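Welcome! Take a moment to look over the sequence and the 3D structure below, and then we will walk through a few spots together.

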Amino acid sequence: MLDYLKDKLRNIFTPIIAVMTEVNFTMAKFKGHWAIIITLITVSMAAFHLYYNSYGLMMAIQLRAAHLAFVFLLIFLIFPVRRGIAKTKPSIADMILAVSGVFVAMYMYFMYNNFAVTGRLPDPIDLTVAVIGILLLFEACRRAVGWPLVILSAVFLIYAKYGNLAPGGFKIVPFSTNRIIYQMYYTETGIFGIVLGVSATFIFMFILFGAFLGVNKSSEFFNDISLALAGHRSGGPGKVAILASGVMGTISGSAVANVATTGTITIPLMKRVGYKPHFGAAVESVASSGGSLMPPIMASSAFIMSEILGVPYLKVITAALIPALLYYLALWVMLDLEARKMGLKGLPKEQLPKLKQVIINRGHLAIPLAIVIYLLISGRTPLFAGFWGIVSTVAISSLRSDTRMSPDRIIVALRNGAVASMAPAIACATVGIIVGISSMTGVGTMMATNIINISGGNLMIALVMTMVASIVLGMGLPTAACYITAATVAAPALIRMDVLPIAAHLFVLYYAVLSNLTPPVALASFTAAGIANAPPNKVAMTGLKLGLAGFIVPMMFVYSPILLLQVDPLPIFDLALVIVTAVVGVICLGAAMEKYFLLNLNRFEQLLFLIVSLVMIKPGLMTDIIGATLLAVAILSQIIRKKKYSQQNAPVGG
């Protein structure tokens with residue numbers, strides 16, 4: 001009996017010791033005691049957030065401060081000073097920065113009540129701590145996210161101090177240094193504001209949920225389902241990438257993370273059936289980026305948008321559904337046309353998983369995601385849904401031995417989730433500066449006024465200007481952070497031009513997300529290029545072409561808000577007409593970009609397909625008639641040319 005117990009304990013603790021004594025991430029590869037320390041910190045962080053986002057009680061500002069303390073600690077210990085070189089252990093300087101980060105964050109934790117209750121102004125010690133905190137924030141953001149957000153936030157701080165020197169309509173009465181520091185660090189309209197609160201709650205919980213799905217092999221299940229459904233079709237692996245990335249991408253907070261997970265499976269498969277490496281990488285980057293636009297979770301943007309606009313969550317995901325489907329339809333069409341043009345076949349059916357067998361063996365792994373969707377749609381809070389999604393993942397995984405989450409796998413999931421949350425968390429904390437300065441200076445209102453004045457009240461010009469601003473503001477940022485930044489600075493202009501508020505926010509979300517595909521900071525494309533061993537710039541330019549529908553779909557729903565299903569009562573005939581013209585538009589766009597429909601397009605046909613896709617953006621009987629007429633001409637030309645080609649190449653009878 002004693003030997004049996006020893007064997008049981010050994011079987012349990014041996015794997016736990018193995019995972020705790022080795023940490024293997026892109027940015028860090030620790031072994032031994034440092035791996036144990038990192039594992040203990042990450043597991044503690046995950047457990048802390050699970051408890052205080054479910055049953056525990058803590059003031060919001062203190063939860064944010066504790067969240068930032070964990071973030072500082074882990075970033076300085078894990079992330080290297082220079083990217084591209086995996087850290088094997090923290091340096092003395094890293095440890096000093098980590099401890100300092102914990103101190104400045106927890107200083108806010110303990111001092112906030114003092115400021116809030118007494119209303120006292122900060123003394124020199126308080127200001128010194130705040131300055132150190134802001135500098136540490138910038139360094140942590142530089143390590144985990146990169147320079148662009150650091151520079152942008154610094155520009156906003158400088159603007160608050162020297163805004164009297166700004167040109168034209170951006171000139172403001174400057175604020176004192178002490179006022180800026182106090183506002184940014186000791187109030188809820190700066191670093192410790194609602195943006196960091198979103199990171200500590202919604203974002204962390206759903207990233208953790210995604211980590212549990214990754215460890216229990218749910219991502220493999222969704223890939224297998226996609227392979228079974230589409231792997232045998234023309235260019236099948238590319239379609240698998242679209243399906244799998246759309247499902248996993250809605251949960252993930254990062255297009256880059258989604259590429260790194262699903263791309264390792266889909267990109268080699270695409271290369272195997274004949275897609276060029278740069279094309280396969282581009283497909284994966286576009287599909288993964290689109291996951292942030294796909295309901296029901298939209299990488300937590302759906303919850304944030306619901307709070308900012310003060311509308312029900314269900315209204316947000318309803319509005320986002322048709323545009324997201326159009327985005328993926330355009331990618332599917334271009335992928336299919338590329339496969340037909342190159343004569344690519346799918347994978348042999350005998351090499352693909354059988355749908356029935358996949359469902360029998362691993363169908364239970366889809367239940368946690370179904371539970372989360374049900375809870376969200378039924379009106380439960382995102383935190384409630386996220387918590388029970390994690391719990392149900394562990395419980396339901398136990399239904400089969402090969403998916404059961406043993407203690408060591410739970411530890412890995414907790415650790416992976418905590419580390420994956422670092423970049424979004426520090427980005428949200430840094431974006432708090434942008435939001436805070438915007439609140440102090442009214443820069444969002446000024447931006448809106450300038451866009452309206454420069455555009456002369458022309459909506460199309462204003463849309464293009466807002467699009468450019470959103471792309472620039474979103475470059476290099478995780479989804480939630482880039483959306484909040486764009487919503488703060490760029491969205492007010494469209495709302496003031498009588499664009500439906502939810503349409504304006506979805507508009508800036510689209511372009512902020514598409515910054516992942518837009519050179520020179522096309523992070524999703526560059527990540528996919530590394531997996532495919534393809535030239536990064538070539539992948540980025542191909543991704544830009546494949547994702548072009550994402551740049552047009554927002555224009556469609558601004559001019560046709562019925563696509564967002566926000567009209568009550570909903571005119572079914574008008575909705576059907578708008579959907580049909582939108583579908584025709586994205587198909588024609590795909591044909592124009594791929595230069596192929598029934599056969600290769602000549603320049604005249606390509607121009608016709610492109611014009612049709614653009615004409616279909618603006619609703620109206622006249623534009624629909626013009627589009628339909630030009631489309632008929634283009635298709636007729638293709639039919640005549642194909643028939644002529646067939647006759648010329650027909651075998652001669654004997």
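Predicted model: local features only at pLDDT ≥ 70, side-chain atom pairs only at ≥ 80, totals over all residues.

Helix α25 covers residues 523-532 and helix α26 covers residues 536-546; their axes come within 8 Å and cross at roughly 125°.

Which residues make the contact? On the α25 side they are S525, F526 and A529, while α26 brings in P536, N537, V539 and A540. Sorted by class, the contact of α25 with α26 has five nonpolar residues, two polar ones and no charged ones.

## A histidine in helix α2

Now turn to H49, which sits in helix α2 (residues 33-52). Is H49 buried or exposed? Its relative accessibility is 0%, so H49 counts as buried.

What does H49 touch? Setting aside neighbours within four places in sequence, H49 is in contact with H67, F70, A200, F204 and M205.

## A valine in helix α20

Our last stop is V443, part of helix α20 (residues 443-455). V443 has a relative accessibility of 7%, and because buried means under 20%, V443 counts as buried too.

Again leaving out neighbours within four places in sequence, V443 is in contact with F156, Y159, F170 and S438.

Methods:
Residues numbered from 1 in each chain as written. Heavy atoms only, no water. Axes fitted to C-alpha atoms, helices over the stretch in contact; angles between N-to-C directions. Helix = DSSP H or I, 4+ residues; strand = E, 2+ residues; numbered from the N terminus. Contact = heavy atoms within 4.5 Å. Nonpolar A, V, L, I, M, F, W, Y, C, P; charged D, E, K, R; others polar. Buried < 20%, exposed > 50% of the residue type's maximum accessible area, 1.4 Å probe, protein only.
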